[in-house]
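Subject: A structure for you to look at

Hi there,

Here is the structure I promised to pass on. Please open it first, and then read my notes below alongside it.

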Amino acid sequence: MLALRSHNTALVLDLLRVAGAEGISRLELAERTGLTPQAVSKITARLRDEGLAAEAGRRASTGGKPRTVLRLVPQAGHAVGAHLDRDELRAVLVDLDGTVVGRRRAALDLGAGAEDVLGTVAGVVAELVREVLGVPHAGAGAGAGAGAGAGAGVRGAGAALLRAGDAAPGAGRTAGTAPPGAARGLAGTGSLLGVGVALPGPLDHARGVLHRVTGFPEWDGFPLRDALAGLLGVPVAVDKDTNAAALGLSVRGEGGSFAYLHLGTGLGAGLVIGGSVHRGARTGAGEFGHQVVQLDGPACECGDRGCVEALCLAAAARGEAGAAARALGVGAGNLVGLLDIDLVLLGGRTVAAAPETYVRGVAEVLGARARREGGVAEPVPVRIAPGGEWGVAEGAAQLLLAPVFGRADG
């Protein structure tokens, strides 16, 4: 399986990916990886046999015969990325190169309970894979014909998967066990590596278990990763929405140390430090929205008062985007002062409603802070994150793809 390949193979695959359609020669692969030409030849031969690499022509040599160059075959592998927001599901199917080859969205109520939520997710994912890759799945008839605005039909497909397991995941069984006779709806799909799921935290990324998701404490302790894997029959990875988005940005070339601040129905941060996603010792880093910035401020769903999330959302609800941006800037300033990061990237549907206002407001707060501190350093730049409303879902797919190419933070 791709995700279980050796470190050396991952190095070669990553160089093939970066080389793109132009390809790269075996000699260059050996030089850049430090492997012997013989080792590179064995690895590339295996990758070609398995359809992951192909010849991309020949390149003139400085001496001797022209060199054969190799390229990655992007369509040899796929991953699904699913973004579970509080009221909506967005799912994408991407190839090995990270290119989106299919996408779907559906209404979602994160507070509706495990059976309904997992039924919707399983149905949307199964329909997306079937539509793009032509793979039949259990319950296809129930969800057939569901379009991009997937609704009851897609939930029906997910419900069929649930019924095949006799009960909703986690209901009356030991956490983490697959349901008896669970429908392996996507098992055997040769090019599908699995499904990455991103949703609000806090949660345990390593075990795929949710904690007390802000506003939805009933999810506390639910084994989402194992429950969904039991339904779909493929590997599943789970992470916070902000971490997934930050991973996707890093994979797409955003370098250095940066913070991705996501303001939508909630507020969180994804942190990339030294090129790697920082999750913390207990995978709890990035709970940015619940830093208290006003002791007598409004009540927050987390149970505290004056959290930057509560201030931002209250101002946005009043139509005061400028005030929300300034509150966000105060939180961002604390983060910049604590971590000395290079860049702040903004995303989420609330930011998308007034992007220039949020960039300007956060930048003004950071600029004022930099002037107070003195020195010659310029204020930390603030930009809108690329990827738009699908950025979290695309990052979630990288939870499966990044390890294939040697990124341990995937």
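A salt bridge here is a side-chain nitrogen of Lys or Arg within 4 Å of a carboxyl oxygen of Asp or Glu. In general, side chains of opposite charge can pair when their charged atoms come close.

Before the findings, a word on the background. This is a predicted model, in which local features need pLDDT of at least 70 and side-chain atom pairs count only at pLDDT 80 or more, while totals for chains, interfaces and linings use all residues. Residues are numbered from 1 along each chain as its sequence is written, and side-chain values use heavy atoms, with hydrogens and water left out.

Helices (H or I, at least four residues) and strands (E, at least two) are DSSP runs, numbered from the N terminus. Buried means under 20% relative accessible area, exposed means over 50%, and partly exposed is in between (1.4 Å probe, protein chains only).

Now to the salt bridges: the whole structure has 19. One of them joins the side chains of Glu394 and Arg252, at 3.5 Å from N to O. Glu394 belongs to helix 13, whereas Arg252 sits in the loop between helix 8 (241-251) and strand 12 (258-263), so this pair links parts of the chain 142 residues apart. Glu394 is buried at 16% relative accessibility, and Arg252 is partly exposed at 43%.

Arg105 and Glu389 form another salt bridge, at 3.1 Å. Arg105 is in strand 6 (residues 100-107) and Glu389 in the loop between strand 16 (382-384) and helix 13 (391-404), so the pair ties together parts that are 284 residues apart in sequence. Arg105 is partly exposed, at 26%, and so is Glu389, at 40%. Both also take part in a network of salt bridges with Glu88 and Arg90.

What separates Arg130 and Glu127 in helix 4? About one helical turn, as they are three residues apart in that helix (residues 114-133).

Finally, two backbone details. The peptide bond from Gly201 to Pro202 is cis, with omega near 5°, and Pro202 is in the loop between strand 8 (192-199) and strand 9 (203-204). Asp340 has a positive phi of about 55° although it is not a glycine. Asp340 lies in the loop between helix 10 (321-339) and strand 15 (343-347) and is exposed, at 63%.

Happy exploring!
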